[in-house]
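Work through the two exercises below with the sequence and the model side by side. Try each task before reading its solution.

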Amino acid sequence: MPELAKAYEPQQVEDRLYKKWQEGGYFRANPKSAKPPYSIVMPPPNVTGKLTLGHVLNNTLQDILCRKARMEGREVLWLPGTDHAGLATQTAVEKHIRNTEKKTRHDFTRDEFVARIWKWKEEFGGIITQQLRKLGCSCDWSRERFTMDKDYKHAVQEVFVRLYNEGLIYRGTRMVNWCPGSLTAISDEEVIPTKQKGFLYHVKYQLVGEPNNHLVVATTRPETIMADVALAVKPGGKWAHLVGRKVIRPLHRAEIPIIADDAVEEGFGTGVLKVTPAHDKADYEIGKRHNLPAIDILTPKAKINDPGEHDASELHSLDRFEARKRSAELLKERGLLEKEEPYENTVGFSERANEAIEPRLSTQWFLKYPNIKEALALLQKGHVKFHPEFWTKTYEHWIENIQDWCISRQVWWGHRIPVWYRIVWTDDKKVHGEETVCQITSPGEGWEQDPDSLDTWFSSWLWAYETMRTEDGTRQKFYPTSALVTGPDIIFLWVARMLIAGLHFKPNGEKATESETLEANLAFKDVYFTGLIRDKQGRKLSKSLGNSPDPLDLIAKYGADGLRFGLIRIAPQGADIRFDEKQIEEGRNFCNKLWNICRFRTMQGAIDPQADPFRHTRSIFADELLDRLHFLLEGERNALVALKAFNFSEAASQLYDFVWNDFASRFVEAAKIDFAQADSPTRAGTLATFDYVMSRVLRLLHPFAPFVTEELWCELGFGEETILTTTWPTKSPRPETWSSRAQGIYLSADMGRSLRADLGIPSNQKAYYSLVSAGHLILTESERGVFESLLNAFALRFEDVKAAIKTFTPLGDLYISGGVIDPALQKQRLTKDLAKVEKDLEQTRRKLGDANMLAKAPPAKVEEWRALEVSLVEKEKSLRESLEKLQG
RNA sequence: GCGCGGUUAGCUCAGUGGUAGAGCACUACAUUGACACUGUAGGGGUCACAGGUUCGAACCCUGUACCGCGCACCA
């Protein structure tokens, strides 16, 4: 058998194995397979994006689910792909062109510019999918999709036309969230409320006919005063008597009425509200109620647009924030600013451009969501489950308060809206006439398509099933999908909408019963929401902070498995993750540990892939390991249960603990005794146990750390081809010969080593130990060998050693001699131990002395306390003896 | 303001009623034949706070404080 390298070297392994997997077609899903299906669609990353730690976490989890499902005998489809990410991609390309050619998108025609984006996509579009391969993702690359593929594009258009015909999509003029940075409307879900420090300006509005009387209005936006059309007060409130009177608008002076409206809260500010219907959502509603005009004084870029000669002309064409300052100054100069006080309020920001959103009256396309009741029932009836469950409430709340979705974007890169307008000519100018048709292809000459594009999410919401629309029956086999792994930040943007799309479009058709139809058209059954990755200080990872490590660097340093395992082990379910490179280092160290356990095994000869330890005579140490394995797989709250419950970090931790402690630190150390003696009666059993357990460990770890487990599986000879197609271990019997002897020996050895350290005897130096057992414990020769080896002891003696110090162990009193006894140190240690024992004893006795407690506590518990008392008394006695000896 | 999470060792987190745990970090020792990507030992916690339920509370209930997230038309 070839000896393995001294340390695991991922760089020598990963690319070779990934190539092998791909060439072997192991990731390819077969719709004709008789195996039960398991499917996941990958949340498509931005096509021109690069891999982030968030992607690493997300995709590793999906890979774990898929690799495990494959081993469980399912036909697995993990469908990868990328998103065109309309605005984000357009912005990136615009920035590039600005930097390199000093041009804007308006220096090109729309077609030219879109062609530039396609070129950009060809150049950079493959980066992230290549990076996912580096990570080891077992996706079916033959089915990779892009949201602007020809077929996918067509599907999006079809859906639009259908919803239009159903009356669910309509065009309307409404207040929308306008981003002056990217010059497009965005949906409510894309607005980030952000706390802003500003001022509350108290502005005087003079009453018409009473030059000495005025109403004071508190506003954060004096630059919109010119668009005021009224002042509103509370009906029946303290200003109610003024309703019907007029005031003079202080900038761009004009008379405006005082009205009464319920939206006004008297407790806030001065209790008087300026009504600016064109620039505030609430004011727009008030305006509608009172039939007031909307005066728009902002350009799309949010510069003041109030031309002409009037008292505030100088504000014209100023940016909204400059205008805010300047208008406050103007008011002050005119004695109309009563005061300004520092004030913090919440302002909506656009995620992409990081610009303050401007509420703006604009004609856009909207979707009235269908199937809302059913979407709500999905979660409540348990057809779909969220993990962690608490996200369900957030989902429900959103569904219950759902608003029509603004789906049009003033962006060039994306899916065009399939609506055509008849061109009419007025005064030699081309305009869109009344006549409108909604269809995918042009109706012909004289028609022009709507210039807007669709919100990127309007294509993403079809992702779960449109990506599966192929001739070979993929959708029939693999939809509904089994699970979705994503971030809670897109629970509305994507998750909820995909569920709604599935319900409405019924991609798997109608079935016999309503409930079957429902079941057949779920986008997914389980949704796992990952946490957000933060840096050590708890800040979000971001490019601008420079605190986001490049996963590719981490892979180069620690290997893909190290990155995966390290990250998964510390990613608690449903909570954010504090990233620390140290944790990735631990992942690498773990892989190396596994590697070296196997390396040790190769030194003992060939492994037996079919090894069955239960047919051999076994040492108690082999039994102990088999026992631990049994509990790992079948115990209460075992690793498999954790994995089934999407508790990935718990499963990873249990495996880590089993490999490092049970396997390496204990079993391997004990096995050395068997391996050192060719004629040991338990040697064969130990070898078989080793191979049997390792075979299962490698398979259990494979989904977490695919490369190192595959390499070891093949190198050691557990299988010739691949670990990918092996079976997932689910159980392992508890050896009927198991006893607690091995545990006793391990524990006693730990205590013996502690003594050695007290005496300052280095761990590599042999020491003299003696064991005096109170009972009739007799160690077999090999048990004694293991005990001596763990202690690094000379031949163990079985007599009281007067000059030595001792400790009370499960095996009896363990003495050590040699080394230098430092009486002060000894006394300190013994006193400390004694204090602890006495405290425990006192606590236990208090319980046992409490009649009430004894009467009401379960008898089994009382027995436990009694047993504890006995052992504590023994321990106390032993400690006192040692102390006396030290003093005497 | 409402809702949802969280608060346990220096750090990251387990721990859903019965003697407070792990990993890392720290300290000391050790280059012993699987592994220094290591081994051995050690120090370190009134479980945020206050009440309550219980024989018994880190755990269940109520309230408070602080942190994070989501929702909300407070100008």
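Predicted model: local features only at pLDDT ≥ 70, side-chain atom pairs only at ≥ 80, totals over all residues.

Residues are numbered from 1 along each chain as its sequence is written, and side-chain values use heavy atoms, with hydrogens and water left out.

**Exercise 1.** Find which residues of helix α7 (residues 281-290) are buried, and what they pack against.

Solution. Helices are DSSP runs (H or I, at least four residues) and strands likewise (E, at least two), numbered from the N terminus. Buried means under 20% relative accessible area and exposed over 50%, with a 1.4 Å probe and protein chains only.

- Step 1: in α7, Asp283, Tyr284, Ile286 and Gly287 are buried.
- Step 2: these residues lie on the same side of α7, because they cover an arc of only 160° around the axis, taken from the directions from the helix axis to the C-beta atoms.
- Step 3: the face turned away from the buried side carries exposed Lys288 and Arg289.
- Step 4: the buried residues pack against β5 (169-179), β11 (254-260), β12 (272-275) and β14 (358-367); contact means heavy atoms within 4.5 Å.

**Exercise 2.** Locate the largest nonpolar core and the residues with the most contacts inside it.

Solution. Such a core is a set of buried Ala, Val, Leu, Ile, Met, Phe, Trp, Tyr and Cys residues joined through side-chain atoms within 4.5 Å.

- Step 1: the largest has 97 residues, and Phe663 and Met694 have the most contacts inside it.
- Step 2: helix α21 (residues 648-676) gives the most to this core, with 13 residues.

Methods
Chains lettered and ligands numbered in written order.
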